[in-house]
Amino acid sequence: MEATEIKELIGAAMAVRKNAYAPYSGFYVGAALMAEDGTVFTGANCENASYPAGHCAERAALAAAVSAGKRRFRAVAIVGGKEDIPQEYCVPCGICRQMLSELCSGDLIIIAAKSRSEYKKYTLDEILPLQFTL
Ligand code: THU
């Protein structure tokens, strides 16, 4: 994946992060998932007074992509944190890793970013070894 594509994907995650609804945790997350054909789907976390009902940004992006008929993916960029400019690299939680593993191959690129130029890159295999499937 080229650096320009990575920067664009991070930019999409940063943009959607502005819509995150996180009044309980104050932790705002945006995710941008690129399908194999290059289409980008975004999602933000959405919390609820009934806490477990909330969902993560990554799963919102995945649901949007699947709803549009996509089944194959190249990469996902995640931007998350409490501050306007995140001070940490936000990586997918365990449930999101499992959800991603259902529809994405082990070589899916996971980009955890603080900004367009500050990011860490992993593969799904690295962050979720020994994936569970039925
Ligand atoms: N969250 C995400 O959206 N993605 C992650 O990768 C980690 C956590 C959300 C869930 C919850 O709304 C808030 O961040 C704090 O956990």
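## Arg 71 and its loop

Leaving aside neighbours within four places in sequence, Arg 71 is in contact (heavy atoms within 4.5 Å) with Val 66 and Leu 103. Arg 71 sits in the loop between helix H2 (57-67) and strand E3 (73-81); helices (H or I, at least four residues) and strands (E, at least two) are DSSP runs, numbered from the N terminus. Its C-alpha is 18 Å from that of Asp 125, and the two are 54 residues apart in sequence.

This is a predicted model, in which local features need pLDDT of at least 70 and side-chain atom pairs count only at pLDDT 80 or more, while totals for chains, interfaces and linings use all residues. Residues are numbered from 1 along each chain as its sequence is written, and side-chain values use heavy atoms, with hydrogens and water left out.

## Salt bridges

The whole structure has 3 salt bridges, each a side-chain nitrogen of Lys or Arg within 4 Å of a carboxyl oxygen of Asp or Glu. In one of them, Arg 74 pairs with Glu 5, with the closest N and O atoms 3.3 Å apart. Arg 74 lies in strand E3 and Glu 5 in helix H1 (residues 3-17), so this pair ties together parts 69 residues apart in sequence.

Glu 36 forms a salt bridge with Arg 72, at 3.2 Å between the closest N and O atoms. Glu 36 is in the loop between E1 and E2 and Arg 72 in the loop between H2 and E3, so the pair joins parts that are 36 residues apart in sequence. Lys 70 and Asp 37 also meet in a salt bridge (2.6 Å, N to O). Lys 70 belongs to the loop between H2 and E3 and Asp 37 to the loop between E1 and E2, so parts 33 residues apart in sequence are tied together.

## Arg 97

Arg 97 is in helix H3 (residues 94-103).

A polar atom of the Arg 97 side chain lies 2.6 Å from the backbone oxygen of Pro 92. Beyond four places in sequence, the residues in contact with Arg 97 are Val 91, Pro 92, Leu 124, Ile 127 and Leu 128.

Terms used: A polar contact is a pair of N or O atoms within 3.5 Å; within protein, one must be able to donate a hydrogen and the other to accept it, and residues adjacent in sequence count only if both atoms are side-chain atoms.
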